[in-house]
Structure formats: structure tokens, C-alpha cells
Amino acid sequence: MSPTGRSGVRQAIDGPGYVQGTFDELGEPLREVTFVVFDLETTGTSPATSAITEIGAVKVRAGEVIGEFATLVDPGCGIPPFITVLTGITDMMVAAAPRLDTVLPSFLEFARDTVLVAHNAPFDLGFLKAACETHGYPWPVPRSVDTAVLARRVLTRDEVPNCKLSTLAARLGARTTPNHRALSDARATVDVLHALFERVGALGVQSLDELRTFTFQVSPQQRRKRYLAEPLPHAPGVYIFRGARDEALYVGKSRDIRSRVRSYFVSSETRSRMAEMVGLAERVDPIVCAHDLEAEVRELRLIGEHKPRYNRRSKFPERSLWLKLTDEPFPRLSIVRAVRDDGGCYLGPFGSKRTVEQAQDAVLEALPIRQCSGRLPLHPSRTPCMLAEMHRCGAPCDGSETVEQYAVHSAVFAAAVAGDVRPLVAPLFRRIEALAANGRYEDAAALRDRLAAFVRACARQQRLTALTSIPELVAARPDGQGGWELSVIRHGRLVAAGVAPRGASPYPYIDAMRATAETITPQLWPLPAASAEETECILRWLEREGTRLVTADAEWSCPVHGAGQLRGWLSTVEAGRELAEPFADRRGLHPVARPARATA
């Protein structure tokens, strides 16, 4: 308040007058903030196993560059070849460079009392924090800005397809082209930052506090709906947002329904489509559950039943795909939508057509199964196709292969699905090794991905079948308060859930649950009673530490020679895919059609 009057207006009286500041000036104006825009080049993606090879930084204030910092860093280890290809930094270049324990104090001094800016800031800040811990420097906990997140809140999908630095630099007219060298990328990020400042300035963002909270603003429509959470219980369960026509807009789950629903009306909810959903919601229906497993299963069932427009996953389990070996004298592989009682051998379910086609291609690469359409008679007399000339098919169509000879191939596929993948995958592993030995790395990688799709599907189905083959299983796990969370599972479906309180014997509760549980009539295998997602939820719950099996009507085991033994290889494949683009921002920051914060 002005010392000369409540109005804060300059008084025409004796002595100096003062003017009350505006609310816009309460924060630190962006023009007075010193930013250090920096970038790191490293030997990998994890601070625990990788090292910094280059640091580049630009210090800016009020739109002017006031200093730069750039140095190579000796990582103390060899630089992987793919990193050298990506960045151009070689072992020879860093051989005479200073070590990080020498460079780090200089950079910390350069960045002292500034706001750090980076594109994909968690990556760069994570390496800096790890370096401080390793070399005994206190982590200064700097204020930071992530230009990737800021871009997602400002730019629309029509302007840029993604939030990569190279895309933003080209679209926003950066004077420096990013090239995976630290100083060049930092300079490009400076230009991106200033271009984004121009955008947010038009939305009234003038101070650092306003900039940092820009991505967490809540629309008035969201605030007005806070009353929807008031009558909800503090209990685990499922909640359903419903619209004006009583339609389900969104289904979610939580350990605390009321606290989770309240988060949709405050700054912690940053998903743009949720802001739109909350604006349409008229009420929230809670369904209290015994424990988190029941909540997760109910959520899946409700999403599949109602197909809410704002849920993205699990909406269409009926759209899953299966790879089927037909039941006929000369079986063939077919991609189908549903399992039928027709004597076929089914593998799945697959979530996408691309994945099931990869698995199919892997099988056809390993086995000479015919690829022609239509049913063949016991004694066919057709003209063989080109695949027969390439020795990719035994040509049963012209009688070159009998039913008994052909049955050997289909038996290998059936055995792999049931529990022994060795005869099918062995020739493919040899083929991958041969391609790599001949320098055909792209072909080897493509075959590896096809084989991985098949092995992953087999491992999943064998794991699911191990549980779905048990008529009834009862399990319990501690609830953290001295009681027990109880579940009754029949053929892979949760049929009853409950809690035994602290100090009480769980067995009377189990007996009551079994007596009142849902009755199951098994349908077609391999998923006779529940969806694959539900059974996988149950498996994750059963495999958590502390879970105990109370009773089981049958043995629970996986095949000794099943695809599960190749999980280590599958992990290596996944790691290889990540290394193909090691520094990609994997947070899924894609622009949206209408950024929810652009009208703040």
C-alpha cells in the first residue's frame, strides 16, 4: 500500500509520492531473468551407466546473449560407435579433453543464480544431478524451464507434427540448426525459447512465476466443477464421469476415489482432453471396491462395456486379432478377429495388424507352410506357385507333399504355441546370425523383429493359459494395516474380492466369498472366462511381493521349453530398439489441436 493514501495514487502533497505496483509486476519479469540454456552430449541414456562427453551453454538476459560455455569432456570410457555416428564425437576428440570433475565446478559457477533451460530438461538435469552426487558437489536445485513442455502448451498440431528440437527450430526460424553437438543445440534452443516467449507474452505471461505455472493453469470450467468430488468416498474403487445424457464420458480407478477426482479440477491435471471432458461432466458415480485389483478389473470391464469417448485404452477388446492355423488336411495360417470352436490352433491376442503380420511372417520364414488361399482336397492337382520353386513351400497343391509329410510342419507351430518353441525359433536364430555375419544388418534386424513378435505372443499366451487352466485359485496379500486383501479367481477371471480385517482369521471370509462368487462356465480357450488384459492384471497382482496362494485346484506352471525362457532375449531386443534413437524424448509430448492453456 502507498504510504500516502489507501488508493495508492500519487498524492500532490508535501514530500515524495509513491505508486502502488500492479499485480503483473509482483513476479520477477522475464526481461530481468538470466537464463542459461544448456545441452549435454553423453555416451548413453542413463546417468547410472553413461557419461557426459560435451557441455554447451548460452547465457541470455533480456533477449541478449551475455556469455557462452562450451567444452568437450573426457568420459573416462569408450564412446559407442552409434553415438559417434549420431554426434560426430570420437574417442580421439575427447582424449585430451578435461575430465568432468574439472569441468563441473566451472559450469556450476557459470550457471549460478540463473534459471536453467533445456529441451527435454529431465534428461539433462538428471545427468547434472548425478554428476554432482558423484563428485561431491551439492545439488543447487535450480529453477528450470523445459522448452519441449512449453512448446506443447503453445503450438498446435497444425503448426508442428511433434515437439522435437529439430522440428521446432525449423518451424520457429532458429538461426542455428541443431546437429547433436552441445553448443549448436543450445543456441538453437535459445532461438526456440525466445520464439515461445513471443507466443506466451500475447497470453499475458510476463513473469517467471507465470511462465513456470503456465502449463498447470486450470480453466474456469474445470474450477466450477469441483463440487462434483465433494460427495465421493475416500476409498479404493472406480469412478465414472457422466455427461448430460447420462452417458459415460470417462472411467478411471484409484486407491482414493475422492482425492483422485479432485485432482481433475486443480493444476495437477495437465491432459488437454481431460479439461474438455470435465467441462462436459454433470456428475461422477463412484463404485467402491475391496482393493486395487478389483478396482483395476472393474475399470477394464466398464471401459469395454461403455466405451467412453475420453478413454483411450481397453475400449475395444473385440478388435483384437489372432493368428490361426486352420483345421484341414493341409492347414494354412490365417489372421482372424475371434476364436471359434472349429478345431484350429490360435495364437494371440494381438493388439495391431502389424504385429500379427510380423508373427505370421516369422512362422512362414521358419516353416514351409502354404500361403495360398482356399481349402485343398486330400489329393490336390493344382499348378504350384513361385514359393514352391523358391523352396519356401512343399507344394502340397500338386501332390509333392502328402498329408502326413505336411502335418510335420503344422505340428511344429502347434507345439510352439502349446509350450515348445525350440524347433520353430532355432532356424530363425541361425538365419539372423548368418545375415549379420554377411553384413546384412538391416535384414537381420527385420527378421529379429518378426521373431520377437512371435516369441512375445507365445510367451504371453502361455503365461495366460497357465492361469486360465486353473478352475479356482484363492490368493491373499497384506493390506498394509494388518489385514488381508482376498481374491477368488476362476479360469483367469476375478469372481470375488474382499478384505479380512486386522486380527480376524481370513478363512471364514474366504469361505463366504467362494460360496457367493460368480459362477463361471468356461468358454473357448485360451481365454475361457475373461479378457487377456484382465487376466494379465490378475497375474501382476499375484506376482507382487507378499502375495500368498491359499488354495489352487490345479498346478500353476509354465512350460519348461516355452517362450518364457526367451524373455532375456526379448529384453535385449527392446533395448536395441531404444539404442537406435537413444536421446529421443519418450514422454509423448505431441502437439494437440487446441492447446488447453493457450487461452489462459
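This is a predicted model: local features need pLDDT of at least 70, side-chain atom pairs count only at pLDDT 80 or more; totals for chains, interfaces and linings use all residues.
Entry 1: I started with the strands. Which order do they take in the sheet? I found four strands in an open sheet, running β14-β13-β12-β15, with antiparallel pairing. A reminder to myself: strands of a sheet pair through backbone hydrogen bonds, either parallel or antiparallel.

**Entry 2: the edges.** Next I looked up which strands stand at the edges. They are β14 (493-500) and β15 (548-552). Each has a single partner strand, so one side of each is left without a neighbour in the sheet. I also noted the twist, which averages 20° from one strand to the next.

**Entry 3: one pair up close.** I picked β13 (residues 484-490) and its partner β14, and I counted seven bridges between them, in the antiparallel sense. Here V488 stands opposite A496 in β14.

**Entry 4: a helix on the sheet.** What does helix α18 touch? Residues 506-516 make up this helix, and it packs on the sheet with contacts to β12 (473-478), β13, β14 and β15. The direction of α18 makes about 30° with that of β13.

**Entry 5: two helices together.** I then turned to α17 (residues 441-468) and α19 (residues 532-543), whose axes are 10 Å apart. They pack at an angle of about 75°. Angles of 65 to 115 degrees count as roughly perpendicular, and α17 and α19 are therefore roughly perpendicular to each other.

**Entry 6: who meets whom.** From α17, I listed R460, R463, L464, L467 and T468. In α19 they meet residues including A532, I538, L539 and L542. By class, this contact of α17 with α19 has six nonpolar, two polar and six charged residues.

Notes:
Residues are numbered from 1 along each chain as its sequence is written. Side-chain values use heavy atoms; hydrogens and water are left out. Two strands pair if DSSP finds at least two bridges between them. Axes are lines fitted to C-alpha atoms, for helices over the stretch in contact, and angles run from 0 to 180 degrees between N-to-C directions. Contact means heavy atoms within 4.5 Å. Angles under 35 degrees count as roughly parallel, over 145 as roughly antiparallel, 65 to 115 as roughly perpendicular and the rest as oblique. Ala, Val, Leu, Ile, Met, Phe, Trp, Tyr, Cys and Pro count as nonpolar, Asp, Glu, Lys and Arg as charged, and the others, Gly among them, as polar.
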